[in-house]
Amino acid sequence: MSLHPTLQPYADAWTHSIEAISELVTPLVEGEWNRRTPCPGWSVRDVVSHVIGLDCEMLGDPRPIHTLPRDLFHVTNDQQRYMEMQVDVRRHHTAPEMTSELEYVIIRRNRQLRNESRDPGAKVRAPLGTELTLEESMRGHAFNVWVHEQDLRAALGRPGNLDSPGAHIARDVLLGEMPAVVAEKANAPRSSAIVFDVHGPIEFLRTIRVDIQGRGTLETAPALGPAATFTLDWETFVRLACGRTTPDAVADRVKAEGEPELTAAILRNFAVTQ
């Protein structure tokens with residue numbers, strides 16, 4: 001294996017999630033591919049198409065030449081239009097076409113990873129003509145594929161893998177976005193602390209400290225007298241942070257203590273991805 005040790009956890013997480021997705025969808029009959037998922041506007045087929053498209057991008061395949069319909073109301077910005085292209089081009093594919101393409105892209109990606117010898121800091125292509133380091137790209141990809149595995153599990157009534165390798169990467173990715181949620185979007189008071197106490201298959205206690213300049217930082221040390229504390233389970237944390245549910249829909253699963261306007265602002269801005 002020539003893969004850099006820094007990149008190995010991301011490759012392992014992707015492998016675990018993509019194999020779980022393949023196992024979930026291979027036995028599905030045609031009608032089950034049309035089930036709605038928690039991912040806004042997307043069916044099971046659409047989520048699998050997106051995952052296939054993501055891996056095609058990681059392989060460096062050319063993007064499909066395709067014109068999107070005008071009536072896709074869940075597509076509202078350039079990022080979503082970019083992502084929708086790989087989805088819409090497969091909307092009329094049959095179940096055997098979907099599973100065979102997924103299987104083929106997994107084989108190709110496994111071969112790519114076996115031969116991957118680039119440094120984690122090497123620059124690679126990212127969506128909308130931007131660039132990322134290889135490490136950032138693989139980390140984001142492992143996160144995305146795990147989140148979409150959870151979308152499929154929710155749609156198919158097959159919960160699981162909430163503590164898998166991908167889940168641990170998702171924890172770090174989502175927590176990395178929380179300082180911006182608290183300090184910038186929710187405009188938490190300066191010189192304050194916000195605590196997230198998460199239980200379940202993955203447990204953690206993290207503090208977001210907002211300094212005198214209004215910048216937020218993530219800390220593992222507990223805070224004395226926090227301005228707000230959120231106690232919730234890991235699955236609810238993921239669903240909120242990934243925009244798969246609303247604060248009102250999971251109000252019974254979130255205990256928010258602190259100034260009501262502040263806690264409401266944080267919950268309102270909790271979603272860091274769609």
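How many salt bridges does a search of the whole structure find? The search turns up 18, a salt bridge being a side-chain nitrogen of Lys or Arg within 4 Å of a carboxyl oxygen of Asp or Glu. Keep in mind that this is a predicted model, where local features need pLDDT of at least 70, side-chain atom pairs count only at pLDDT 80 or more, and totals for chains, interfaces and linings use all residues. Residues are numbered from 1 along each chain as its sequence is written, and side-chain values use heavy atoms, with hydrogens and water left out.

**Salt bridges**

- Asp46 pairs up with Arg91, and their closest N and O atoms are 3.0 Å apart.
- Asp46 sits in helix H2 (residues 44-59) and Arg91 in the loop between helix H3 (78-88) and helix H4 (95-114), so this pair ties together parts that are 45 residues apart in sequence. Helices (H or I, at least four residues) and strands (E, at least two) are DSSP runs, numbered from the N terminus.
- Asp46 is buried, at 5% relative accessibility. Buried means under 20% relative accessible area, exposed over 50%, and partly exposed in between (1.4 Å probe, protein chains only).
- A network of salt bridges links Asp46 and Arg91 with Glu84 and Asp88.
- Asp172 and Arg171 also form a salt bridge, at 3.0 Å from N to O. Asp172 is partly exposed at 35%, whereas Arg171 is buried at 18%.
- Another salt bridge joins Arg215 and Asp211, at 3.2 Å from N to O; here Asp211 is partly exposed, with a relative accessible area of 26%.

**The core and its rings**

- The largest nonpolar core has 76 residues, and Phe196, Trp234, Phe237 and Ile266 have the most contacts inside it. Such a core is a set of buried Ala, Val, Leu, Ile, Met, Phe, Trp, Tyr and Cys residues joined through side-chain atoms within 4.5 Å.
- Phe196 is buried at 0% relative accessibility. Beyond its neighbours within four places in sequence, its contacts (heavy atoms within 4.5 Å) include Met178, Phe204, Arg206, Phe237 and Ile266.
- Eight aromatic pairs show up in the whole structure. Rings of Phe, Tyr and Trp (its six-membered ring) pair if their centres lie within 6.5 Å; planes under 30 degrees apart count as stacked, over 60 as edge-to-face and the rest as tilted.
- Phe196 and Phe237 make an edge-to-face pair, because their ring centres are 6.5 Å apart and their planes are at 80°.
- Phe196 belongs to strand S3 (residues 192-199) and Phe237 to helix H7 (residues 234-241), so the pair ties together parts 41 residues apart in sequence.
- Ring pairs build a cluster out of Trp146, Phe196, Phe204, Phe230, Trp234, Phe237 and Phe270.

**Helix H7**

- Six of the eight residues of H7 are buried, so the helix is largely enclosed by the rest of the structure.
- The buried ones are Trp234, Thr236, Phe237, Val238, Leu240 and Ala241.
- At the start of H7, a side-chain oxygen of Asp233 comes to within 3.2 Å of the backbone nitrogen of Glu235.
- Just after H7, Gly243 has a positive phi of about 70°.

**Also worth a look**

- Asp151, in helix H5 (residues 134-156), is buried at 2% relative accessibility. Not counting residues up to four places away in sequence, Asp151 touches Thr37, Pro38, Cys39 and Arg244.
- Arg63 has its charged end over the ring of Tyr82, 3.6 Å from the ring centre. A charge sits over a ring if NZ of Lys or CZ of Arg is within 6 Å of the ring centre and within 35 degrees of the ring normal.

Conventions: Polar contact = N/O pair within 3.5 Å; in protein donor to acceptor, adjacent residues only side chain to side chain.
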